[in-house]
Amino acid sequence: MSVADEYVLDTPTVRRFVASVRAAIADAPSPADACDAIRPRFAELLSDPDWLGPEYARDAPESGMGGGIGQWLLFRAGDRSLTLFSLVVPAGAQTPVHDHLAWGLVGLYRGTQDEEIYEGEPGSLALRERRALAPGDFYALLPPRDDIHRVRTTSPETSVSIHLLTNDTGCVWRHAYEPESGVVHPFRSGYVNVACEED
């Protein structure tokens, strides 16, 4: 039995965006080509100040991410092959170093962030690149090269980033890393507003 798509934020803007993303993915010969095709619509989404309601841009002191970080599901495909969500990181907070196990686009909607990208084997990661992000900046995640990172809010206000990824990112088991010690932990970020099915 198929599961229906979930439009948690059910607006014409989100429905149009998801439809355009699905068309781009269907027509693209590779994930990199799909990301390139999606870029113009994703940029429009990041520049629209009105589409994301304030309830999806709040921090979440009770979340499983720690540090008040909130991951808010906006859309999830019935077959779990695509999600759209906001990630809210309070001022001064940072995510753990983590992977996504999916490709897609990540962009900054509000505030500023520093991103650190890591490379290497899971037990011996090294910092490859550090970059500052401002509203409207976005980048592709194309595993394995770009899949492991950490983000930290550098603005006085909470930062909000928008993620479009090709799995059920909040509910799949992923990995959190401690680059200094080489320790790798199982990691499931969860969503603040939608429960994951129990394994």
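Two strands pair if DSSP finds at least two bridges between them, and strands (E, at least two residues) and helices (H or I, at least four) are DSSP runs numbered from the N terminus. The model used in these exercises is predicted: local features need pLDDT of at least 70, side-chain atom pairs count only at pLDDT 80 or more, and totals for chains, interfaces and linings use all residues. Residues are numbered from 1 along each chain as its sequence is written, and side-chain values use heavy atoms, with hydrogens and water left out.

**Exercise 1. Find the bridge partner of Glu-115, and describe the strand that holds this partner.**

Step 1. Glu-115 has Val-151 in β9 as its bridge partner.

Step 2. Now look at the two strands: β6 (residues 113–121) and β9 run antiparallel and are joined by five bridges.

Step 3. Buried means under 20% relative accessible area, exposed over 50%, and partly exposed in between (1.4 Å probe, protein chains only). Four of the five residues of β9 (residues 149–153) are buried, so this strand is largely enclosed by the rest of the structure.

**Exercise 2. Work out the strand order of the open sheet and name its edges.**

Step 1. Six strands make up the open sheet, in the order β1-β2-β3-β10-β5-β8, with antiparallel pairing.

Step 2. β1 (6–7) and β8 (138–141) each pair on one side only, which makes them the edge strands.

Step 3. Contact means heavy atoms within 4.5 Å. Axes are lines fitted to C-alpha atoms, for helices over the stretch in contact, and angles run from 0 to 180 degrees between N-to-C directions. Helix α2 (residues 31–47) packs on the sheet and touches β5 (104–110), β8 and β10 (159–165), its direction making about 15 degrees with that of β5.

**Exercise 3. Check the length of α2, then locate its bend.**

Step 1. The expected span of a helix is 1.5 Å times one less than its number of residues. For the 17 residues of α2 this gives 24 Å, and the end C-alpha atoms are 24 Å apart, which agrees.

Step 2. The bend at a residue is the angle between axes fitted to the seven residues ending there and the seven starting there. α2 bends by about 45 degrees at Arg-39, and Pro-40 follows within four residues.

Step 3. Ala-34, Cys-35, Ile-38, Phe-42, Leu-45 and Leu-46 are the buried residues of α2. Their cover includes α1, β5, β8 and β10.

**Exercise 4. Identify the residues that touch the most other members of the largest nonpolar core.**

Step 1. A nonpolar core is a set of buried Ala, Val, Leu, Ile, Met, Phe, Trp, Tyr and Cys residues joined through side-chain atoms within 4.5 Å. Among the 31 residues of the largest one, Trp-51, Leu-52 and Ile-162 touch the most other members.

Step 2. α2 gives the most to this core, with six residues.

Step 3. Beyond neighbours within four places in sequence, the contacts of Trp-51 are Leu-9, Thr-13, Val-14, Leu-45, Leu-74, Tyr-109 and Ile-162.
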